[in-house]
Amino acid sequence: MQSVGPVAVVTGSSRGIGRAIAQRLAQDGYRTVVNYVRNAGAARDVCAAIQAAGGQAIAVQGDVASANDRQHLLQVALDHFGRVDVLVNNAGITSPGRQDLLEVTEENFHLVMCTNLYGPFFLSQLVSRWMIQAIADEKIPRGIIVNITSLSAYTVSTNRADYCMAKAALHMMTHLLAARLAPHNIRVYEVCPGIIASDMTAPVREKYDRLIAEGLTPIRRWGEPEDVARVVAAVVKDDFDFCTGTRIDVDGGFHIRRL
Ligand SMILES: NC(=O)c1ccc[n+]([C@@H]2O[C@H](COP(=O)([O-])OP(=O)(O)OC[C@H]3O[C@@H](n4cnc5c(N)ncnc54)[C@H](OP(=O)(O)O)[C@@H]3O)[C@@H](O)[C@H]2O)c1
């Protein structure tokens, strides 16, 4: 077991926003657990990049929608690094086939809910139970959970109803966990990205290029995964200790209602 320094578990960190978060936290001194579901090679690349920069990381395969895999993820993190200080619930999928809500199937709805909502909820439950005991035993000074939501938590896309509903629920989940865990010295934050360049948004790149050029966001550019990662790195610092349940929009100003 390697036993120096705090540890961050970042779900879905083989690619996109999660990868940027893992690399940024590693740069800031976190030993990092790089979770992925399918792309072992991509996860290995992230670990190699972290190690090349002088950090420590391990790749752990696991589907956040699976109870066994969530248990395995925590266990490997503890076996390898001995502690978990930060959990970033980042893994997520878009709505399969982007079907109109009158056509969406129960199977697809179930898949999105299990991955984007049940996964983060039950992983947070598992990790926060461990953190509560570890804080009581003075193994870690405090705990932090960061939930990556989306502008879809409050913006309607009728062809991604399942995704919007899961993200809206994650907003409430942040408040619930924040209230329940505050007495245990565990802080919970929501980081709410706007339109970020990643594999998830690659299929709709041209549509958003046009909308952004037309002024969809006050700041007229795509967000980059690193924009989100810098904010996650900021909220896990001690500076935010008197904040919990807080949402931070990383969206070029998309959330501002304008006339
Ligand atoms: N991109 C945006 O514009 C945007 C905007 C708002 C919010 N978000 C949210 O930000 C998060 C990351 O999005 P992204 O754009 O970076 O996505 P992405 O490029 O599609 O990457 C998704 C990551 O999640 C992993 N993953 C997918 N399903 C998983 C599962 N069941 N268990 C564990 N890991 C899983 C993938 O692993 P593999 O490589 O193994 O497939 C990959 O590392 C998501 O929660 C998304 O909803 C994205």
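Trainee: Where is R98 found?
Mentor: R98 sits in the loop between β4 (86–89) and α4. Keep in mind as we go that this is a predicted model.

Trainee: What makes the backbone of R98 worth a look?
Mentor: Its phi is near 40°, and that is a positive value in a residue other than glycine.

Trainee: Why does R98 count as partly exposed?
Mentor: Buried means under 20% relative accessible area and exposed means over 50%. R98 has 25% relative accessibility, so it counts as partly exposed.

Trainee: And E138, where is its place and what is its phi?
Mentor: E138 is in the loop between α4 and β5 (143–148). Its phi, near 60°, is again a positive value in a residue other than glycine.

Trainee: Why is E138 called exposed?
Mentor: The relative accessibility of E138 is 72%, and the label needs over 50%, so E138 counts as exposed.

Trainee: Which residue just after α1 takes a positive phi?
Mentor: That is G29, with a phi of about 105°.

Trainee: How do you know what span to expect for α1 itself?
Mentor: Helix α1 (residues 16–27) has twelve residues, and at 1.5 Å a residue the expected span is 16 Å. From its first C-alpha to its last, α1 reaches 17 Å, which is close to that value.

Trainee: Which residues of α1 are buried?
Mentor: They are I17, G18, A20, I21, A22, L25 and A26.

Trainee: Let us turn to the rings. How many aromatic pairs does a search of the whole structure find?
Mentor: The search finds five aromatic pairs.

Trainee: Why do Y189 and F240 pair, and what is the pair called?
Mentor: Ring centres have to lie within 6.5 Å for a pair, and planes over 60 degrees apart count as edge-to-face. The centres of Y189 and F240 are 6.4 Å apart with planes at 80°, so this is an edge-to-face pair.

Trainee: Which parts of the chain does the pair of Y189 and F240 link?
Mentor: Distant ones: Y189 is in strand β6 (residues 186–193), while F240 is in the loop between α7 (225–235) and β7 (246–250), 51 residues apart.

Trainee: Are Y189 and F240 buried or partly exposed?
Mentor: Y189 has a relative accessible area of 1%, under the 20% limit, so Y189 is buried. F240, at 25% relative accessibility, counts as partly exposed.

Trainee: What makes Y208 and W222 an edge-to-face pair?
Mentor: Their ring centres are 6.1 Å apart and their planes are at 85°, so the pair meets both limits and is edge-to-face. Y208 lies in helix α6 (residues 205–213) and W222 in the loop between α6 and α7, so the pair ties together parts that are 14 residues apart in sequence. Both Y208 and W222 are buried.

Trainee: Which residue lies over the face of W222?
Mentor: R205 does, at 4.1 Å from the ring centre.

Trainee: Which residues form an aromatic cluster?
Mentor: Y118, F121 and F122 form one aromatic cluster.

Trainee: What lines the largest cavity?
Mentor: T11, V64, N89, N90, A91, T115, G119, P120 and L123 do. The largest share, four residues, comes from α4. By class, the lining has four nonpolar, five polar and no charged residues.

Trainee: And how much space lies in the largest pocket?
Mentor: About 1,100 Å³. The largest pocket is lined by 49 residues, of which G92, I93, T94, Y163 and M200 lie nearest its centre. Its lining divides into 21 nonpolar, 20 polar and eight charged residues.

Trainee: Which elements each supply at least two residues of that lining?
Mentor: Among them are α1, β2 (31–36), α4 (106–136), α5 (161–181) and α6.

Conventions: Residues numbered from 1 in each chain as written. Predicted model: local features only at pLDDT ≥ 70, side-chain atom pairs only at ≥ 80, totals over all residues. Heavy atoms only, no water. Phe/Tyr/Trp six-rings, centres within 6.5 Å; stacked < 30°, edge-to-face > 60°. Buried < 20%, exposed > 50% of the residue type's maximum accessible area, 1.4 Å probe, protein only. Lys NZ or Arg CZ within 6 Å of the ring centre and 35° of its normal. Expected span 1.5 Å × (residues − 1). 1 Å grid on protein atoms, 1.4 Å probe; cavity = no way out; pocket = protein on both sides within 12 Å on 5 of 7 lines; lining within 4 Å. Points joined across faces, edges and corners; volume = space filled by probe spheres on them. Nonpolar A, V, L, I, M, F, W, Y, C, P; charged D, E, K, R; others polar.
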